[in-house]
Amino acid sequence: MLIRLQIFPQTLIHIHSPLTPVKSPNPRPNWRKQSQFLDGFRTSLSSHLNTPISDSGLRFRQKLLYIQSLKVNSSKALHKNPNFRSVPLDTVKSVEKCLYSMGIERSALGRILDMHPQLLTSDPYNDLYPVFDFLLNEVHIPYPDIQKSIIRCPRLLLCSVDNQLRPTLYFLKNLGFVGANAITCQNTLLLVYSVEGTLLPKLEFLQNLGFSFKEVVNMVVRSPGLLTYSIEKNFRPKVEYFLDEMKGDLATLRRFPQYFSFSLEGKIKPRHRVLVEHGFSLSLPEMLKVSDGEFNSRLIEMQLQLVDERHLK
């Protein structure tokens, strides 16, 4: 469709002579009325738009300042927990009150929330108190030790009691973590591990080395930390070094499963190589359980003893 533009003669621009005064086509504006109109417009706009935006922005900034006062990285919190943007500040404060009621001080609280920003938007009564109730009444952790359990493993607060914590506790009890060997605040972190995905594969790896199931159970009950170690980063390289380089046997590992708790590169290899270089040998506990100073002193004693024996010959 064609639209025809009709130009009326009175709209054409007249060309005036420089000597002919040009009369302004528009009358002089009424600045007072215009100012009053703009003021009214600004007031109306502010009442409809600016005030809510300003209040929302202020509340959001208050939340950021609040978590920053707890030493929580606000950028990390927003990235890992986008829901934090929309929850009210009172929700976040209720999490602090809940954790504080269980003995967790503000300094530790900030570290926990920074590690797991998901907790910032959790519901204390649906998410947190059920975990505390489980630890108190089913795991039988004494109240003063609850905060120790949480500080050592904040992931407990993110786990479902029904789907994760209770099934793992049942498995560990059947394994032998009862009585004097029951779960304590020192090893409640075992409860966050999947039975099928983490715990069973580690038990099977130890069995495949040649240990019986009963021997494996005795080892992990005596040294629960075994269940926290990685197969590929801990078990496998340490077993290979022990059997191939140290010419050890499984009976030694059965008696001293703490071997896996020591650093391969930082302690096991250096100390073993020093002993081999000097022609000495020590049991695993003697080689690993002592400090660097005590180990060096023991090394000097063996060297002096060797010198004395040579002089006597």
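Which handedness does the crossing of H5 and H7 have? The crossing of H5 and H7 is right-handed. The legends below describe close-up views of a predicted model.

**View 1. Helix H5 packs against helix H7 in the predicted model.** Helix H5 is paired here with helix H7, which spans residues 161-175. Their axes come within 11 Å and cross at roughly 15°. Angles under 35 degrees count as roughly parallel, and H5 and H7 are therefore roughly parallel to each other. On the H5 side, the meeting residues are Pro 130, Val 131 and Phe 134. On the H7 side, they are Val 161, Leu 165, Arg 166 and Leu 169. Sorted by class, the contact of H5 with H7 holds six nonpolar residues, no polar residues and one charged residue.

**View 2. Helix H5 also makes a contact with helix H6.** Helix H5 covers residues 124-137, and helix H6 covers residues 143-152. The two axes come within 10 Å of each other and cross at roughly 120°. This angle makes H5 oblique to H6. The crossing of H5 and H6 is right-handed. H5 contributes Phe 132, Leu 135 and Leu 136 to the contact, while H6 contributes Tyr 143, Ile 146 and Ile 150. The contact of H5 with H6 has six nonpolar residues, with no polar and no charged residues.

**View 3. Helix H10 meets helix H12.** Helix H10 runs over residues 231-245 and helix H12 over residues 264-278. The axes of H10 and H12 come within 12 Å and cross at roughly 5°. H10 and H12 are therefore roughly parallel to each other. From H10, the residues in the contact are Pro 237, Lys 238, Tyr 241 and Glu 245. From H12, they are Leu 264, Ile 268, Lys 269, His 272 and Arg 273. By class, the contact of H10 with H12 comprises four nonpolar, one polar and four charged residues.

**View 4. The largest pocket is lined in part by helices H12 and H13.** The volume of this pocket is about 190 Å³. Its lining consists of 14 residues, and those nearest the centre are Met 246, His 272, Ser 281, Leu 282 and Leu 284. His 272 of H12 also belongs to the contact with H10. H12 and helix H13 (284-288) each supply at least two residues of the lining. The largest share, three residues, comes from H12. By class, the lining of the largest pocket divides into eight nonpolar, five polar and one charged.

**View 5. The second largest pocket draws on helix H1 for its lining.** This pocket has a volume of about 150 Å³. Its lining is formed by Ser 56, Arg 59, Phe 60, Gln 62 and Lys 63, together with Arg 85, Ser 86, Val 87, Pro 88 and Leu 89. Helix H1, which spans residues 31-69, gives the most to this lining, with five residues. The lining of the second largest pocket divides into four nonpolar, three polar and three charged residues.

Methods:
Residues numbered from 1 in each chain as written. Predicted model: local features only at pLDDT ≥ 70, side-chain atom pairs only at ≥ 80, totals over all residues. Heavy atoms only, no water. Axes fitted to C-alpha atoms, helices over the stretch in contact; angles between N-to-C directions. Helix = DSSP H or I, 4+ residues; strand = E, 2+ residues; numbered from the N terminus. Parallel < 35°, antiparallel > 145°, perpendicular 65-115°, else oblique. Left-handed = near helix turned anticlockwise from the far one by under 90°. Contact = heavy atoms within 4.5 Å. Nonpolar A, V, L, I, M, F, W, Y, C, P; charged D, E, K, R; others polar. 1 Å grid on protein atoms, 1.4 Å probe; cavity = no way out; pocket = protein on both sides within 12 Å on 5 of 7 lines; lining within 4 Å. Points joined across faces, edges and corners; volume = space filled by probe spheres on them.
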